[in-house]
Amino acid sequence: MNVAVFGAGYVGLVTGAVLAELGHRVVLVDVNEQKVEHIMAGIPPIFEQGLSELLTRVRGTDRLQATTQASQAVASSEIIFIAVGTPPLADGSPNLEYVHQAALAIGQGMVSGASYVIVNKATVPIGSANLVELWIEDGWSARYGTKPPADLFTVASNPEFLREGSAIHDTLYPDRIVLGADETWAMDRLTTLYQPIIAQSFVAPPETPRPQDRGPVPVIKTDRLSAEMIKYAANAFLSTKISFANEMANICERVGADIQTVMHGIGLDTRIGPKFLQAGVGWGGSCFGKDLSALIYTAKEYGYQPRLLESTQEVNKDQRLLVVKRLQDELKTLKGRRIALWGLSFKPGTDDLRDAPALSVIGELLRLNARVTVYDPVAMTNIQQQYPDLDIRYSESALEALDGADALVVLTEWDEFQRIPLATIAQALTQPILIDGRNLYDPKEARHLGIRYRGIGR
Ligand SMILES: NC(=O)C1=CN([C@@H]2O[C@H](COP(=O)(O)OP(=O)(O)OC[C@H]3O[C@@H](n4cnc5c(N)ncnc54)[C@H](O)[C@@H]3O)[C@@H](O)[C@H]2O)C=CC1
Ligand SMILES: O=C(O)[C@H]1O[C@H](OP(=O)(O)OP(=O)(O)OC[C@H]2O[C@@H](n3ccc(=O)[nH]c3=O)[C@H](O)[C@@H]2O)[C@H](O)[C@@H](O)[C@@H]1O
């Protein structure tokens with residue numbers, strides 16, 4: 001099928017490249033010229049496992065193109081995804097301006113005689129399919145001066161559930177596909193597009209092998225509003241699950257229990273499940289916070305006070321700064337103390353710093369006049385580019401960051417940190433204080449080595 005994807009970011013680029021690999025002809029449309037040039041040269045503009053190999057393969061087939069020119073990409077496409085960003089505004093609602101611009105460009109690029117399914121893949125507030133429909137009509141009217149023909153296009157919702165760091169894996173092997181459409185022909189067209197994934201009939205790429213026991217992928221076919229709501233409910237539940245684990249960790253600490261054992265103990269109950277119960281410095285990333293705020297905003301628009309969701313947010317806000325309180329417990333004043341931070345990205349496997357707990361920790365440490373040294377295996381370039389005015393020291397390696405440091409705080413559970421022996425850490429620090437924000441190390445071993453070790457909930 002001919003597919004256009006507006007927005008070549010984490011979602012758009014991965015979706016487009018995977019669809020091209022599956023045999024569709026895909027054009028990525030992005031307003032960022034540099035991004036388009038990189039993609040055309042086969043250079044991934046983001047750090048994502050397997051993406052480089054995937055781009056190299058699909059470039060060779062000519063099935064993936066990238067452009068800044070919307071109109072040509074739109075005219076010949078049967079399905080057009082909108083995968084542009086929807087970042088939060090100050091009031092918690094998502095900024096839909098990029099979606100608006102994309103919808104206008106789509107309206108202007110459509111030609112009569114064709115039929116288009118325009119798909120909201122970006123996470124957009126419940127009811128946005130209606131808005132996008134109107135914006136597309138505006139685009140068409142601006143170009144042709146009339147209303148578009150009745151059957152020219154329809155807008156569907158197909159929310160995305162991929163995780164950064166395993167985006168290609170999640171796209172090829174999703175737990176489910178959600179399709180929200182009011183027209184049968186649009187639902188059929190989307191089902192055809194995804195058929196190789198639904199049936200798991202494709203040849204698995206070498207770097208993203210198919211997990212064992214993969215059967216056909218369940219497809220939820222529903223109305224647009226329910227599809228839009230599924231996305232928000234999923235992220236709200238996942239972030240609540242983590243805030244729940246963090247709240248239990250805080251209680252565990254007070255009563256002397258171990259959160260790791262407690263979460264293992266509840267996770268074996270199949271009604272609860274073991275995933276997303278890892279206590280730590282709190283959840284971050286580009287979506288949990290933004291989507292939770294957006295759902296809270298929507299609920300309030302309808303006069304409902306979503307108390308559980310607000311608590312999920314509050315627990316997370318406090319959890320991020322727990323490591324700073326730990327430092328104050330151990331060092332008393334933080335003024336002039338040098339604190340080494342390992343890990344900046346909001347989780348391992350990505351260089352994404354959006355709403356990363358590390359940013360909150362750095363901000364608080366600087367506010368308290370501490371001196372900060374940071375190291376991350378992949379996010380160093382991003383922090384330097386995105387926050388050039390931060391008064392912090394950058395290190396070339398994890399061990400270099402410990403040079404002259406009074407304490408180490410671990411904020412992201414990169415594998416390479418786990419491989420560094422605790423004895424080496426103890427020797428390198430001026431004072432052997434280790435605040436383990438991700439519960440990476442064995443507390444007993446750390447204490448045996450004389451390290452003043454503080455984990456989360458243990
Ligand atoms: N990042 C993630 O893991 C996930 C993100 N989502 C949702 O997907 C959407 C996109 O997120 P990301 O891919 O992370 O964003 P991103 O910021 O990585 O990429 C968005 C891209 O859209 C481009 N863009 C902006 N305006 C445009 C326009 N008018 N025409 C064409 N391109 C335009 C930008 O230049 C950028 O390259 C958001 O709504 C997000 O909530 C959903 C699931 C997972
Ligand atoms: O809408 C989105 O953008 C995506 O948001 C999350 O994906 P992502 O943000 O890539 O990362 P996650 O793996 O979910 O982790 C989010 C945060 O939670 C934290 N986390 C996760 C799991 C856990 O047990 N404990 C915990 O603190 C991570 O460290 C990270 O900061 C969801 O998992 C995806 O399904 C969804 O598509």
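Asn439 lies in the loop between strand 13 (433-436) and helix 19 (443-448), where helices (H or I, at least four residues) and strands (E, at least two) are DSSP runs numbered from the N terminus. The phi of Asn439 is near 50 degrees, a positive value in a residue other than glycine. Asn439 is buried, with 20 other C-beta atoms within 10 Å; a residue counts as buried if 20 or more other C-beta atoms, placed from the backbone, lie within 10 Å of its own, as exposed if 12 or fewer do, and as partly exposed in between.

This is a predicted model, in which local features need pLDDT of at least 70, side-chain atom pairs count only at pLDDT 80 or more, and totals for chains, interfaces and linings use all residues. Residues are numbered from 1 along each chain as its sequence is written, while chains are lettered from A and ligands numbered from 1 in the order in which they are written.

**Overall build**

- The protein has 19 helices and 14 strands.
- A compact globule of 458 residues would have a radius of gyration near 23 Å, and the 24 Å of the protein agrees with that; the radius is taken over C-alpha atoms, and the globule rule is 2.2 Å times the number of residues to the power 0.38.
- The C-alpha trace spans about 75 × 50 × 45 Å along its principal axes.
- Of the 458 residues, 45% are buried.
- Among contacts between residues at least 6 apart in sequence, 71% join residues at least 24 apart; a contact means that two C-beta atoms, placed from the backbone, lie within 7 Å.

**Ligand 1 and helix 1**

- The shell around ligand 1 holds 26 residues, and the closest are Gly7, Gly9, Val11, Ala122 and Thr123; a residue is near a molecule if its C-beta atom, placed from the backbone, lies within 6 Å of it.
- Helix 1 (10-21) and helix 5 (97-109) are the elements that give two or more residues to this shell.
- By class, the shell around ligand 1 has 13 nonpolar, nine polar and four charged residues; Ala, Val, Leu, Ile, Met, Phe, Trp, Tyr, Cys and Pro count as nonpolar, Asp, Glu, Lys and Arg as charged, and the others, Gly among them, as polar.
- Helix 1 is largely enclosed by the rest of the structure, because 12 of its 12 residues are buried.
- The buried residues of helix 1 include Tyr10, Val11, Thr15 and Glu21.
- At 1.5 Å a residue, the 12 residues of helix 1 should span 16 Å, and the 17 Å between its end C-alpha atoms agrees; the expected span is 1.5 Å times one less than the number of residues.
- Just after helix 1, Gly23 takes a positive phi of about 115 degrees.

- Phe276 sits in the loop between helix 10 (259-267) and helix 11 (288-301).
- Phe276 has a positive phi of about 60 degrees although it is not a glycine.
- Most residues other than glycine have a negative phi.
- Phe276 is partly exposed, with 16 other C-beta atoms within 10 Å.

**Residues 340-443**

- UniProt, in an unreviewed entry, lists residues 340-443 as "domain: UDP-glucose/GDP-mannose dehydrogenase C-terminal"; its positions are given in the numbering used here, feature names are shortened, and annotations may be inferred rather than shown by experiment.
- The span 340-443 is 33% helix and 17% strand, and its end C-alpha atoms lie 19 Å apart.
- In helix 14 (residues 357-367), the buried residues include Pro357, Leu359, Ile362 and Leu365.
- The cover over the buried residues of helix 14 includes helix 12 (307-320), strand 9 (338-342) and strand 10 (371-375).
- Ile425 lies in helix 18 (residues 422-428) and is buried, with 23 other C-beta atoms within 10 Å.
- Not counting residues up to four places away in sequence, Ile425 touches Leu402, Leu408, Ile420 and Leu434.

**Ile197**

- Ile197 is in helix 8 (residues 184-198) and counts as buried, with 20 C-beta neighbours inside 10 Å.
- Not counting residues up to four places away in sequence, Ile197 touches Leu172, Pro174 and Val217.
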